[in-house]
Amino acid sequence: MQTFTGLVSVLLVFLWLGGNLVSPLRPICDLRVLDHFVREARDSEVIMRGCRGGCGAMKSYFVPLTSVDFAVLEHMDVNGQAVEVQTGLSLLDQALSNAMKTVSNSPLANALDNNISNIHSLGQILHSLDLQQARSTVLPDDSAPASTQTQEVSSLPELLQVQSSFLRGKVRLLLSAAPACQRQNS
Amino acid sequence: MTKMSDRLKIVFMLCLAFVTTGGQHFESKVAQLLQDETEDIKCFVELKDLTCFWEEEEERNNLQYTFTYSYENKNKMACVVSSLSLLASNKTVFFCKLPKTPFFTTLDVQVFRDGRMLYSRSLNAENYLFLDPPRNLTVLSSGKEGQLNVSWLPPLLKYMDDSMIYEVRYAVEGSNMGKVEVIKVSTMLVLLGLQSDTRYKVWVRVKPDGVAYKGYWSAWTEPVLGVTQPSDLDPLIMVLVLFIGLILCLLSMTVILSHHKFLLKKLWPDIPTPEHKFPGLFTVCKGDFKEWMSQNNSSMWGRSVQVYTEELPSPLEVLSEVSLTSHGTSQREERKPVEEDEEKESERSDSGLTDRWREPPQAHWLMEQLRALQENPQSLSQSLLVQSHDTYVTLNQNSQGDGEREVDDVFEETLPLQTLFTTTGTTSLSTSHSDLGSLQQSSGSGRLSSQSSFEYPNQTWPPKGPGYTYMAVADSGVSMDYSPMSSSRITELGRHRMYTNDYKNEIFLHKWPLFGEHNKSGSESCMGPVW
């Protein structure tokens, strides 16, 4: 019995250590990473404009809202922003994946694939900043919720424009306002 | 109440001042975009508010216009149109400032006049930022030469501090040629490579970097003057030049001193004098050659001046062989001419030893005499004719019958000489060896290698006056065995026969009572050279 309790205590210690070791990621506060993603999103727009054939079908996508009101933003707390960003990124991820299925043009397909991986990296960055609040807000593909936080676009160029605006606006403002980064700067 | 009214007035004036300053910027921006922008409806964002304006040539009332905008599928919103008269270009502009400008979304702007759409445009507000120029531009001279420190404050925009790019323009005061430096994010710059002690004008302007925000270049700031440090190179150059000059001087002096003899020879050559060949000619005799000649009777001169055709002989007594047992008195004299050699020891021969030589006491006495003689080498050179205990030279006889005897004779002949030389030690012997270089060792040969010619009367020598017979001995090589003798050989001395060749030397006659039968009559004196 004593050996059993000893083993259990050792296991608990290991779990605690494991838990502590896994979660604290070093915060990524350099906005140049995001700027890199923004440039690649813009490259997709450029490729889209020059695409001739196999550039995706006309399809409606549900995308997040991208507008930013600075006056409103100042009064909004970081967590609310984080939720907004998280849902928006997941929406974009879905929409881009759906769009890539209809694209046969290889440069465009590569660009879209790049954008999808960038969105996943952004998720990791948010996790490093302890801003990954809403994990379970992934919306199903088929449903079309008339959420106030989404909008509908009907073409791939519009989708790419939304993606670009979203990254430059909300995501960037959230990262620049992240408390983990504010502590480092101050 | 008066205080309150005064305060209100002050506040109003401040607000007005603020507005006018904003207006000044606004008007300049409008004016600038009016020239640069090609769109019909020109829009820019100033302080997070989007302003769109258009130009109208005809005289119109602003109330005729309707300005609407929408974004994100929302309903259209209206904006109040205002007019502005540009004083510089005397133009009228209608504009609308959106109260809450949404960023990062596509804005659809439309202008209607009298119900008809005049202009329409879709734009993202964050792409048309028109910033104010940087504030508080300062130019300071840095501590180093040719440098200026430039610093400024960024425009007051939250969330956009890290998205700015600046351009710094600088030129010499009064010159139109300016250079431009681009700098990102940072609000200070050090200008390098400037002329020293020169007044420079500096301008700065700002623009969004284009990643998250885009926009137009701001207006240039007012020029700020800065003066670079005066050149402090001149004294430095002088010091360096002096230092280098000093080093060069030292080097040249070192070279000159190390080769001064050579240089002196080249520049001031010595006049050669023969003084070293004629010692004392110029110092003592003062150039009188005859006097110097008379004074200096050196052997060098004596040798070189051939007074006599014949060579001067050296007094030499040659001991001839005397057979102690059977031969009796077989005397042979050999007159041995010996070349004078200043390095040779004075060789004197005495009347030869007789058969009594065999007796050891005589040999011992001889040894003692020789030893005494060797100890006084000076006396040897001086009075050769007086001393009878002079060095002996034994010559090997040619005509000996037996070969064996010849061999013995050779050894016997060489013995006395060996005895002589061994007493003095090996050193003198060695010197004598070297001196008598022409003499060869012929131990065992039994032959006289000299070419001496001897002639003398057989047995008796008629006594003559003080005259002498001398022999001009020209000998090139007399074979002598001057090898150092061992003690055993010395003991054998007495058993061997001695060779005596007696000169007719009256001088030695009375000194050698031991030599009995030999006629030592006849005198001879060798007029030897001056040793």
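This is a predicted model: local features need pLDDT of at least 70, side-chain atom pairs count only at pLDDT 80 or more; totals for chains, interfaces and linings use all residues.

1. Residues are numbered from 1 along each chain as its sequence is written, chains are lettered from A and ligands numbered from 1 in the order in which they are written, and side-chain values use heavy atoms, leaving out hydrogens and water.

2. In chain A, the axes of helix α4 (residues 78-101) and helix α5 (residues 106-128) come within 10 Å and cross at roughly 160°, the axes being lines fitted to C-alpha atoms over the stretch in contact, with angles from 0 to 180 degrees between N-to-C directions, and helices being DSSP runs of H or I with at least four residues, numbered from the N terminus. That crossing makes α4(A) roughly antiparallel to α5(A) (angles over 145 degrees).

3. Residues that make this contact (heavy atoms within 4.5 Å) include A:L89, A:L92 and A:L96 of α4(A) and A:L112, A:I116 and A:I119 of α5(A).

4. Between chains, the contact takes 24 residues from chain B and 21 residues from chain A. The two chains bury about 1800 Å² between them, 49% of it on carbon and sulfur atoms (accessible area, 1.4 Å probe, lost on being put together and summed over both).

5. Chain B and chain A share 2 salt bridges (a side-chain nitrogen of Lys or Arg within 4 Å of a carboxyl oxygen of Asp or Glu); a salt bridge joins the side chains of A:R168 and B:E126 at 3.4 Å, N to O.

Terms used
Helices (H or I, at least four residues) and strands (E, at least two) are DSSP runs, numbered from the N terminus. Angles under 35 degrees count as roughly parallel, over 145 as roughly antiparallel, 65 to 115 as roughly perpendicular and the rest as oblique.
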